[in-house]
Amino acid sequence: MVFSYFPGCTLSTTAKYLDQCARLSAIALGFTLEEVEDWQCCGAVFPVDSEQVAPKLAAVRALVQAREKGRTLVTLCAACHHVFKQVNHQAKNDVSFRETVKNYDESLEYAGETPVLHYMEVLRQYIGFDELKKRVINPLKGRKIGAYYGCLLLRPAEVMDFDDAENPRIMEDFIAALGALPVVYPMRNECCGGYRSLQDKPMAQTLAERVIAAAVSRGAQGLVTACPLCQYQLIEHSAGEVDVCYFTELLAEALGVEDDD
Amino acid sequence: MRIGVFVCHCGSNIKATIDAEYIAAQVQQDAKVVHAAEYPYLCAEGGQQKIINAVREYQLTGVVICACSPRMHENTFRKTAAKAGLNPYQIEIANIREQCSWVHKNKDAATGKALKLAKAAIARVKLALPLFAGESAVTKRALVIGGGIAGIQTALDIAEAGFAVDLVESTPSIGGKMAQLDKTFPTLDCAACILTPKMVDAAAHEKITLHTYSEVEEVEGFVGNFTATIRKKARSVDMKKCTGCGACWEKCPSKRIPSEFDCGLANRTAIYTPFAQAVPNVPVIDRATCIKFKNGRCGLCADVCQPAAIDFTQEDAVFTQEYGVIIAATGYQVFSLDAYGEYAYHDSKNVITSLELERLMNAAGPTGGKLQRPSDGKAPKKITFIQCVGSRDITRGKPYCSKICCMYTAKHAIAIKEKYPEAEIEIFYIDVRTPGKGFDEFYRRAVEVYGVRYIKGQVGKIAEMNGILHMQAVDLLENKRFDTTADMVVLAAAIEPSPGAKPLAQMLATPMDTLRFFSEAHPKLRPVESATAGIFLSGVCHGPKDIPETVAQASAAACKAIGVLAKDKLITNPCVAKVNDKKCTGCGRCIDVCPYKAISLESNAAEANPALCQGCGGCASLCPSNAMDLNGFTHKQVLAEVDALCR
């Protein structure tokens with residue numbers, strides 16, 4: 001199994017554990033992540049204005065490259081994943097978008113052909129959580145861990161097609177497969193406030209604290225995320241109440257492939 | 001043949017797009033058309049008189065009416081023809097309104113099309129033969145399916161008129177949803193106090209036979225002559241011996257089965273009656289949960305039963321019965337909230353539906369009428385209601401308004417404030433809809449007298465943390481997002497047709513709309529009749545309704561049913577299949593295709609029973625030797641019509 005892999009900028013700097021643990025775990029689980037050549041920043045925020053095309057070109061480029069190799073594109077960062085799914089959806093459904101993209105660069109004739117999966121979806125679809133459970137070397141016994149989905153992976157539900165946006169299960173299934181105890185809490189699919197952390201600090205703080213309070217109220221000792229921005233927000237506002245880490249860090253730990261760095 | 005053609009203006013409905021005068025002039029080119037005229041409203045008395053006069057004056061032997069759809073006024077004009085001394089089947093309708101004047105804008109094109117349609121009808125009427133209606137007998141017995149307030153009222157009204165009624169209910173007791181309710185709006189009288197006497201009346205009425213814990217399995221026949229197959233599920237209790245003493249359910253060790261009647265807020269035993277005032281007051285054994293049926297041990301109920309009424313060997317009893325009319329009264333169920341994860345209905349015990357609140361407020365309910373939170377039994381200080389959960393929601397729910405929620409929520413608010421004046425109540429709504437006698441006054445009382453806080457807006461998320469329900473909400477009038485909390489949240493979940501309605505509609509061969517409500521024959525003029533003759537509609541199976549409206553419709557359906565039952569003979573439709581036995585080879589393919597079992601093989605030729613035939617024409621179009629024809633729609637007539645259209 002070989003996938004085209006789009007790591008994204010943050011994963012080579014502040015969120016490098018998210019990336020490193022994912023790569024090590026992939027080797028352990030027997031699939032290959034082949035990094036897209038010369039990838040550029042996905043733009044991080046999907047423009048709500050459908051007329052805006054230039055900020056979406058980087059994603060189209062990576063998608064075209066994966067298509068040429070006949071591969072599924074795998075992402076890891078929730079923000080990148082959101083942008084790729086949205087761009088793919090627009091390329092599939094919006095003729096004028098396709099035409100404009102082509103006017104920028106003739107080689108980018110693209111109509112959404114490349115399947116895009118998040119790393120978590122690769123685990124669900126290609127490995128299977130039952131199989132993952134068998135591969136675990138260090139089960140995370142007794143650890144009460146809450147999944148934090150945030151908003152980007154789930155919504156809009158019909159575009160992201162990740163899981164039930166109001167009552168998702170995939171990350172809980174993942175946590176259970178690693179031998180830990182998944183804690184279901186109500187705010188796991190609400191925004192962490194990350195996008196407002198510069199303009200409106202009090203609001204960003206309220207939102208993040210609400211997520212943590214909900215998780216703690218249900219007995220969570222740790223939280224896992226798939227997004228560097230969520231990770232930053234939750235750590236910043238957790239006041240040490242819960243441990244926050246990337247889901248791939250847990251995965252690597254359970255598979256016994258932790259990076260000693 | 002002397003044909004008269006009459007062109008209706010239908011006010012401006014036809015005349016605005018079709019040149020009626022031109023059509024009247026053009027049709028007279030046909031040598032057989034001896035008279036043509038136009039008139040503003042042919043269906044009005046003056047119009048009908050004009051036709052009668054013309055028939056007599058010009059000795060017409062055929063009439064063509066260019067007007068609206070035959071579904072609208074074919075019968076009217078047949079009666080007119082009969083008055084004038086013409087055979088009613090020698091009139092033809094050319095529909096120049098619905099698919100012509102109403103849909104076209106270009107007057108020349110529409111007039112051209114209308115003329116063609118008129119000519120086709122003329123070609124048809126030239127070949128029309130006089131037909132004579134037959135008669136069929138009426139079985140003087142009604143079948144009412146569904147034993148809620150709708151079915152009970154319909155059954156009582158028919159029985160009071162002197163006709164026998166079978167009332168079939170799938171659960172162990174009649175009473176339906178109304179039996180679960182606490183109080184009723186807008187008068188706040190208790191539901192049980194006004195319902196149970198009716199339940200008892202229905203059970204005691206000499207003309208009514210109750211079949212509870214029973215299902216209709218098959219229906220055949222037609223108006224006046226239906227045959228239904230009914231399955232009486234094994235109660236495992238002999239109804240004749242049982243005294244309803246209750247010793248059996250007191251002793252039953254299987255006590256932890258969620259009660260359907262209490263919406264799962266309390267438990268019942270394996271042998272049970274759904275509620276104290278159940279009619280009949282005879283328990284059933286739920287075999288799926290009974291220890292005796294699961295592993296053969298136990299049998300305590302039989303040990304304590306003095307009259308020895310328990311019968312573990314009882315089997316389902318299936319019987320058939322003939323009926324003249326059938327009334328569907330299958331009611332509703334509460335819409336599933338699975339698609340509304342943001343309301344935490346499955347996550348928090350303190351988020352409940354309005355029907356569950358009815359049980360919590362009911363003196364006979366699991367809390368004895370004390371309002372307690374399901375999670376910890378504490379009295380809630382602040383209660384939030386959310387309206388339109390699943391109603392008026394085209395993306396995840398139902399497109400329609402469930403109609404009862406605004407009023408029952410006002411009722412709940414008032415009832416809570418009456419019992420607990422200190423309680424704080426907040427209601428999120430999209431619109432408050434209170435059209436009904438005394439309804440708006442009732443709602444105003446909730447606001448003005450009881451101080452209930454109404455907020456135009458919606459809740460986007462409910463999260464239970466440490467026993468408190470935290471909500472993210474929006475107030476549309478103040479245009480602000482805000483957070484609020486409550487001890488308990490009540491969701492006004494949409495109502496939808498019962499799951500049994502769809503298979504029943506198939507059995508009755510009567511149409512439903514896309515939302516699985518039964519369709520009425522005409523949305524304004526025939527609101528309680530189904531499109532199938534002899535099938536009537538009562539209550540919410542036809543669309544959301546409150547109790548007064550349900551009872552009104554139930555009585556209306558009964559009245560229509562009595563109209564059929566009161567007749568000794570029904571006039572049958574003469575437009576039925578007719579076999580030419582010289583041509584018939586006796587292949588029998590028509591027998592297979594006939595949905596009404598009207599055709600049989602008699603001495604090597606098919607024979608169609610005119611009482612059973614509904615004139616669908618399936619056999620006529622299928623017959624390989626052209627031996628089967630349909631009166632009023634003969635092959636010759638249809639081909640002449642097509643020829644005229646193609647000319």
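Predicted model: local features only at pLDDT ≥ 70, side-chain atom pairs only at ≥ 80, totals over all residues.
Q: Hi! How many residues of chain A are in contact with chain B?
A: Hello! 9 residues of chain A are in contact with 9 residues of chain B, where contact means that C-beta atoms, placed from the backbone, lie within 7 Å.

Q: And what are the chain A ones like?
A: On that side of chain A there are 4 nonpolar, 2 polar and 3 charged residues. Nonpolar covers Ala, Val, Leu, Ile, Met, Phe, Trp, Tyr, Cys and Pro, charged covers Asp, Glu, Lys and Arg, and the others, Gly among them, are polar.

Q: New topic: what is the strand order in the open sheet of chain B?
A: The order is β2-β1-β3-β4, with parallel pairing. Strands are DSSP runs (E, at least two residues), helices likewise (H or I, at least four), numbered from the N terminus, and two strands pair if DSSP finds at least two bridges between them.

Q: Which strands stand at the edges?
A: β2 (33-39) and β4 (91-95) of chain B, each with a single partner strand, so one side of each has no neighbour in the sheet.

Q: What does β4(B) pair with?
A: Strand β3 (residues 62-67) of chain B, in the parallel sense over 5 bridges. Val64(B) has Glu92(B) as its bridge partner there.

Technical notes
Residues numbered from 1 in each chain as written. Chains lettered and ligands numbered in written order. Contact = placed C-beta atoms within 7 Å.
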